[in-house]
Amino acid sequence: VSLQQHCYSGAYLGTLDSDNICAQAKTAFFWDVIHPGTYAHCWQAYQVNTVLAQAGWTEQTLDPAAYREWCNTH
């Protein structure tokens, strides 16, 4: 997980130039200087589901190791 550097370094409105996107885009914690990346969103969803499961509103579906594998592949 890349916590120090953001993944996207292009213009504010985006670009199709792949040179502006880091090689670890799927696991970068931040997409740009302020927005969380897909990997961070995946773990946020896990935490929300954990709280909902503790409240009895849903079931906990995966253990953390299995969820990490799921986040790495989606």
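The model is predicted: local features need pLDDT of at least 70, side-chain atom pairs count only at pLDDT 80 or more, and totals for chains, interfaces and linings use all residues. Residues are numbered from 1 along each chain as its sequence is written, and side-chain values use heavy atoms, with hydrogens and water left out. Helices are DSSP runs of H or I with at least four residues, strands are runs of E with at least two, and both are numbered from the N terminus.

**Helix H1**

- H1 spans residues 38-54, 17 residues in total.
- From its first C-alpha to its last, H1 reaches 25 Å, close to the 24 Å expected at 1.5 Å a residue. The expected span is 1.5 Å times one less than the number of residues.
- Tyr39, Ala40, Cys42, Trp43, Tyr46, Asn49 and Thr50 are the buried residues of H1. Buried means under 20% relative accessible area, exposed over 50%, and partly exposed in between, with a 1.4 Å probe and protein chains only.
- An α-helix has 3.6 residues a turn, so residues three or four places apart point the same way.
- Helix H2 (64-73) is included in what covers the buried residues of H1.
- Gly56 follows H1 and has a positive phi, near 85 degrees.

**Packing of H1 and H2**

- Two packed helices are described by the angle between their axes and the distance between the axes.
- Here the angle is about 145 degrees, and the axes of H1 and H2 are 10 Å apart. Axes are lines fitted to C-alpha atoms, for helices over the stretch in contact, and angles run from 0 to 180 degrees between N-to-C directions.
- The crossing of H1 past H2 is right-handed. A crossing is left-handed if the near helix is turned anticlockwise from the far one by less than a right angle, and right-handed if clockwise.
- On the H1 side, the residues that meet H2 are Tyr39, Cys42, Trp43, Ala45 and Tyr46. On the H2 side they are Pro64, Tyr67, Arg68, Trp70, Cys71 and Asn72. Contact means heavy atoms within 4.5 Å.
- The residues of this contact divide into 9 nonpolar, 1 polar and 1 charged. Ala, Val, Leu, Ile, Met, Phe, Trp, Tyr, Cys and Pro count as nonpolar, Asp, Glu, Lys and Arg as charged, and the others, Gly among them, as polar.

**Nonpolar core**

- The largest nonpolar core has 6 residues: Tyr39, Cys42, Trp43, Tyr46, Tyr67 and Cys71. Such a core is a set of buried Ala, Val, Leu, Ile, Met, Phe, Trp, Tyr and Cys residues joined through side-chain atoms within 4.5 Å.
- H1 and H2 are the elements that give two or more residues to this core. H1 supplies the largest share, 4 residues.
- Trp43 touches Pro64, Tyr67, Arg68 and Cys71, leaving out residues up to four places away in sequence.
- Cys42, in helix H1, counts as buried at 10% relative accessibility. Beyond its neighbours within four places in sequence, Cys42 contacts Tyr67, Trp70 and Cys71.
- Cys42 and Trp31 are 11 residues apart in sequence and 13 Å apart in space, C-alpha to C-alpha.

**Asn49**

- Asn49 lies in helix H1 and is buried, with a relative accessible area of 18%.
- Asn49 and Ala66 are 17 residues apart along the chain, with C-alpha atoms separated by 14 Å.

**The segment before H1**

- Asn20 sits in this segment and is buried at a relative accessible area of 19%.
- Lys26 touches Tyr39, Asn72 and Thr73, apart from residues up to four places away in sequence.
- Lys26 and Cys71 are 45 residues apart along the chain, and their C-alpha atoms are separated by 8.5 Å.
- Ala28, in the segment before H1, counts as buried at 1% relative accessibility. The C-alpha atoms of Ala28 and Tyr39, 11 residues apart along the chain, are separated by 6.5 Å.
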